Amino acid sequence: MRISVIGTGYVGLVTGTCLAETGNDVLCVDIDEHKVNQMKSGIVPIYEPHLDVLFERNIKASRLKFSTSLEKGLEHGDIIFLALPTPEDEDGSADLKYILGVADNIGKLITEYKVIVDKSTVPVGTSDKVKAAIAKNANIEFDVVSNPEFLREGFAVDDFLKPERIVIGASSEKAIKLMEKLYKPFVRSGNPIIVMDERSAELTKYAANSFLATKITFMNEIANFCEKVGADVDKVRVGMGTDSRIGKRFLFPGIGYGGSCFPKDVKALFKSGMDNDYEFGILKSVIEVNDSQKTILIPKIEAHFNNSLKGKTFGVWGLAFKPETDDIREAPSLYMIEELLSKGAKIKAFDPEAMPNVKNKFGDNIYLASDMYDATKDVDALIICTEWSIFRTPDISKLKSNMKAFNVFDGRNLYDVSDMKNEGFNYISIGR
Ligand SMILES: NC(=O)C1=CN([C@@H]2O[C@H](COP(=O)(O)OP(=O)(O)OC[C@H]3O[C@@H](n4cnc5c(N)ncnc54)[C@H](O)[C@@H]3O)[C@@H](O)[C@H]2O)C=CC1
Ligand SMILES: O=C(O)[C@H]1O[C@H](OP(=O)(O)OP(=O)(O)OC[C@H]2O[C@@H](n3ccc(=O)[nH]c3=O)[C@H](O)[C@@H]2O)[C@H](O)[C@@H](O)[C@@H]1O
């Protein structure tokens, strides 16, 4: 099938590449000329494990091409995916200017039947807005489908190739048939393609992300309470998670959820609620609790240093919002670093993939370490913000010879409390 993907970020590029992998002829369109030039010369512009192999293979097979021209994209694809940003607007709602801007142009440019697929995360009712924006300028038949994406960064290729489910929100039989044909190769394992109306599909995406964010936040509160009453959240987590109704996943406490989606999506669902005369009390709390969780280690650090962080140096391990990505959008590490800088501390930071993004954000305000041990030289404490695998079994003797004082504040519970104590560290983690 001939496919175009408009917007070639984490979702668009993975979608385009994986659809090419199953034999489709894919054109990826992006407004960012630099990005498109990179892709044309074979460079994957983001860090996403395993994407490079598929990317290269499909470019070689001429199934994956790139352009900055929306016009070419609309000419090429029978199915047009919109994988455009839907960032948080000032009032917390999802900003639809990218989606509706492109929809407006689609109406002007299409000359034959197209299926326009919204893959971005958008509030309930957006498909009607997209339809209206296209219809305003088009005299041609077209259909709009809502097909929310559930991939995780760091596992995006795997999640796309082997999805637990595919949600298709549509009312046109013709469009549904085309979408089912396109996705058939991805559901061989028996996982379902779930067809529903557009509004339910749009809400499914927000409900899923908000539920997961709530699950994490609930566990963060249990962890905070564990500290008050002398319980161990790791034990509570295992004790709870073995109940299959609860499940083991997404129960890991830490310094809050971050990323380009959970924070904005929870806020957008809350705002959608308010716009429709419904106040999501639970989401209000999730937002508040997560905001304070991001800096939950700060009072503990301050208490240790007698409320004076001025001139103290902190090593920070892990800057991306989670492991296996270079994405720092809404990363808890950024909130920690900003808070520490504002209190006069100095930072030596390291992340395996996110250093260029962090450099853009902080410039010379922090020291960008050349490796994880460089970030621990002469520090008063080490702070762990992201649980990259390479941090899990550090060379303890190297750490000890580097660090000025043996303080570790661990926002991701990487180490055994008694092991760290036996090694002579003052080790503070979450809920233990
Ligand atoms: N990042 C993720 O893991 C997931 C994101 N989503 C949703 O997917 C959507 C896209 O997210 P990301 O891929 O993370 O965004 P992104 O910011 O990584 O990529 C968006 C791309 O769209 C391009 N763009 C902007 N305006 C354009 C225009 N007028 N024409 C062509 N290209 C244009 C940008 O240059 C950028 O390359 C959002 O709604 C997000 O909530 C859904 C599931 C997972
Ligand atoms: O809509 C999206 O963009 C995506 O958002 C999340 O994916 P992602 O943000 O890539 O990452 P997650 O693995 O879900 O982690 C999100 C945040 O929660 C935190 N988290 C996750 C799990 C956990 O147990 N504890 C915890 O604190 C992570 O550290 C991270 O900051 C969802 O998992 C995807 O299904 C969804 O498609």
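A: Let's begin with residue classes: Ala, Val, Leu, Ile, Met, Phe, Trp, Tyr, Cys and Pro count as nonpolar, Asp, Glu, Lys and Arg as charged, and the others, Gly among them, as polar. By that scheme, the shell around ligand 2 holds 11 nonpolar, five polar and four charged residues. Keep in mind that this is a predicted model, where local features need pLDDT of at least 70, side-chain atom pairs count only at pLDDT 80 or more, and totals for chains, interfaces and linings use all residues. Residues are numbered from 1 along each chain as its sequence is written, while chains are lettered from A and ligands numbered from 1 in the order in which they are written.

Q: What pLDDT does the protein average?
A: pLDDT is the predictor's confidence in each residue, from 0 to 100. Here the protein averages 97, and 100% of the residues score at least 70. For the complex, the predictor gives an ipTM of 0.98 and a pTM of 0.96.

Q: Which residues are closest to ligand 2?
A: A residue is near a molecule if its C-beta atom, placed from the backbone, lies within 6 Å of it. Ligand 2 is surrounded by 20 residues, and the closest are Glu-153, Phe-252, Tyr-257, Gly-259 and Cys-261. Helix α9 (residues 198-229) gives the largest share of that shell, three residues; helices (H or I, at least four residues) and strands (E, at least two) are DSSP runs, numbered from the N terminus.

Q: And which are closest to ligand 1?
A: That shell has 26 residues, with Gly-7, Gly-9, Val-11, Ser-120 and Thr-121 the closest. The elements giving two or more residues to it are α1 (10-21) and α5 (97-109). By class, the shell around ligand 1 has 12 nonpolar, nine polar and five charged residues.

Q: Into which domains is the protein divided?
A: Domain bounds come from an automatic or database domain assignment. In this case there are domain 1 (2-196), domain 2 (205-293) and domain 3 (297-428). The contact between domain 1 and domain 2 takes 11 residues from domain 1 and 10 residues from domain 2, where contact means C-beta atoms, placed from the backbone, within 7 Å. The shell around ligand 2 draws at least three residues from each of domain 1 and domain 2.

Q: Where does UniProt place the feature "binding site"?
A: UniProt positions are given in the numbering used here, feature names are shortened, and annotations may be inferred rather than shown by experiment. The unreviewed entry puts "binding site" at Asp-30, Lys-35, Thr-86, Thr-121, Glu-153, Lys-264 and Arg-329. They span 300 residues in sequence and the farthest two C-alpha atoms are 24.4 Å apart, so they do not all gather at one spot.

Q: Is Thr-121 buried or exposed?
A: A residue is buried if 20 or more other C-beta atoms lie within 10 Å of its own, exposed if 12 or fewer, and partly exposed in between, with C-beta atoms placed from the backbone. Thr-121 is buried, with 24 other C-beta atoms within 10 Å, and is found in the loop between β5 (114-118) and α6 (126-137).

Q: Which residue does UniProt list for "active site"?
A: The unreviewed entry lists Cys-261, in the loop between α10 (233-241) and α11 (262-275). Cys-261 counts as buried because 25 C-beta neighbours lie inside 10 Å. Not counting residues up to four places away in sequence, Cys-261 touches Thr-121 and Asn-209.

Technical notes
Two residues are in contact if their C-beta atoms, placed from the backbone, lie within 7 Å.
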